[in-house]
Amino acid sequence: MNLDFLFAPAEAIDSWLEGLLSGAPLATALIIAFLLGLRHASDPDHLVAVTSLVAADDGDTRSATRLGTWWGIGHATALLTLGLPLIFLKGQLPSWLESGAETAIGVVILVLALRVIYKWARGDFRAGRHMHDTPGHSAHRHLRRGAAREHPHRHLRSPRQALGIGLLHGLAGTGAVVVLLIAALPGQLEAAAALAVFAPMSIVSMALCTGVFAWVLTRPIVEPVYRTVLIPVLGLFGVMFGMWYVGLG
């Protein structure tokens, strides 16, 4: 099983933008860094991890957007915390650290996907636990508020998980981003400025991705299919993707 083809569209866009970035004036470079950051969070491994987290949380559009935002905050924090010193010191992350983070990401994806399947098999996504965020569903909101009172730590735990996953992805990707910026831009200050633009855009990108994902799935015509068919399909795909990502598939 080879899932490299999933990364091909994103890599094609990145290659085109990176070509424009090389040797560009600072103002143009910052715009390109903006676009690269906005696209960066839509990498397949990012999306598989966060959509599994959103599915397991069974939240509405607002909750999903919040999880995506926390993922992005973790990712941006890792990029800036590690990337800026690397730029100014002209250093590199140890290869064992980046490869270890990549392996850990695969394990996290696998665990999240297995959790989705387990919760689906247990009946946690059955009708009556709808995640509607549209008018006319106050009863469902009431049920969710009651569930939140019974499980007060649930909505605290999911943002922390999203933050941790984002930090891990940022750790794995910082080295490549820094090498790209140093190679493409003439000085350290320019590279640092581009990183300062690039990193926050992952927050916006993932918040948008997860928000749209949840919004589509909460439409009345889609949600029954989502709960009965798409959730286990997403879980099984996540298992396959996670196994492939760690080299077991």
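Residues are numbered from 1 along each chain as its sequence is written. In this predicted model, local features need pLDDT of at least 70 and side-chain atom pairs count only at pLDDT 80 or more, while totals for chains, interfaces and linings use all residues, and side-chain values use heavy atoms, with hydrogens and water left out.

**Aromatic rings**

Across the whole structure, 6 aromatic pairs turn up (Phe, Tyr or six-membered Trp rings with centres within 6.5 Å; planes under 30 degrees apart are stacked, over 60 edge-to-face, the rest tilted). Here are two of them, which share Tyr245:

| Pair | Centre to centre | Between planes | Type |
|---|---|---|---|
| Phe241 and Tyr245 | 5.7 Å | 20° | stacked |
| Trp244 and Tyr245 | 6.2 Å | 70° | edge-to-face |

Phe241 and Tyr245 sit 4 residues apart in helix H9 (residues 223-245), so about one helical turn separates them; helices here are DSSP runs of H or I, at least four residues, numbered from the N terminus. What is the relative accessible area of Phe241? Phe241 comes out at 0%, which is buried (under 20%; over 50% is exposed, in between partly exposed, with a 1.4 Å probe and protein chains only). Tyr245 is buried too, at 18%, and Trp244 counts as buried at 15%. Ring pairs also tie Phe7, Phe237, Phe241, Trp244 and Tyr245 into a cluster.

Methods. Helices (H or I, at least four residues) and strands (E, at least two) are DSSP runs, numbered from the N terminus.
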